[in-house]
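Reader: I have a new model on my screen. Please show me how to read its features one by one.

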Amino acid sequence: MLTIGCPEEKEIRVEWVVRKRIDELQQQLERVEGDEEKAATLNKLAWEVGADDPKEALALSQRAYELATSHGEYRYPAAAADSLINLG
């Protein structure tokens, strides 16, 4: 969707879309049951909050990494890799 108008309107629209996506991911996180899906959702959430709250993004990525690995082994390699990317 293209918003035509002043730059402030575009910023508000983008901010609203991001906030809505974060809310959706937080709700999804409450519903997921398996560790793999939870790790993937945590990684998505970390990516979305990263620009506004880097500390929270790092904490979410760390939780995802802990779920994706066990005793140094990669239980869910894709989720572990995404976590490491988010962690930098």
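Author: Start with the terms. Helices (H or I, at least four residues) and strands (E, at least two) are DSSP runs, numbered from the N terminus. The expected span of a helix is 1.5 Å times one less than its number of residues. Now the ground rules. This is a predicted model, where local features need pLDDT of at least 70, side-chain atom pairs count only at pLDDT 80 or more, and totals for chains, interfaces and linings use all residues. Residues are numbered from 1 along each chain as its sequence is written, and side-chain values use heavy atoms, with hydrogens and water left out.

Reader: How many helices and strands does the chain have?

Author: Four helices and two strands. Their order along the sequence is α-α-α-β-β-α.

Reader: What span does helix H3 reach?

Author: H3 covers residues 54-68, which makes 15 residues. From first C-alpha to last, H3 reaches 21 Å, close to the 21 Å expected at 1.5 Å a residue. H2 also has 15 residues and reaches 21 Å, again close to the 21 Å expected.

Reader: Which residues of H3 are buried?

Author: Take the cut-offs before the case. Buried means under 20% relative accessible area, exposed over 50%, and partly exposed in between, with a 1.4 Å probe and protein chains only. In H3, the buried residues are Ala 57, Leu 60, Ser 61, Ala 64 and Ala 68. Seen down the axis of H3, they fall within an arc of 100 degrees, so they line one face of the helix. The arc is that of the directions from the helix axis to the C-beta atoms. There is a general idea behind this. An α-helix has 3.6 residues a turn, so residues three or four places apart point the same way.

Reader: What do the buried residues of H3 pack against?

Author: Packing is read from contacts, meaning heavy atoms within 4.5 Å. The buried residues of H3 pack against helix H2 (35-49), strand E1 (69-70), strand E2 (73-74) and helix H4 (77-87).

Reader: Which residues of H4 are buried, and which exposed residues does the face turned away carry?

Author: Ala 79, Ala 80 and Ser 83 are the buried residues of H4. They cover an arc of only 100 degrees around the axis, which puts them on the same side of H4. The face turned away from that buried side carries the exposed residues Pro 77, Ala 78 and Ile 85. The buried residues of H4 pack against H2, H3, E1 and E2. After H4 comes Gly 88, whose phi is positive, near 85 degrees.

Reader: Which residues touch the most other members of the largest nonpolar core?

Author: In soluble globular proteins, nonpolar side chains tend to be buried together. A nonpolar core is a set of buried Ala, Val, Leu, Ile, Met, Phe, Trp, Tyr and Cys residues joined through side-chain atoms within 4.5 Å. The largest one here has 16 residues, and Leu 29, Leu 42, Leu 45, Val 49, Leu 60, Ala 68 and Ala 79 touch the most other members. Helix H1 (7-31), H2, H3 and H4 each give two or more residues to this core. H2 gives the largest share, five residues. Consider Leu 42. Beyond its neighbours within four places in sequence, Leu 42 is in contact with Leu 29, Leu 60, Arg 63, Ala 64 and Leu 67.
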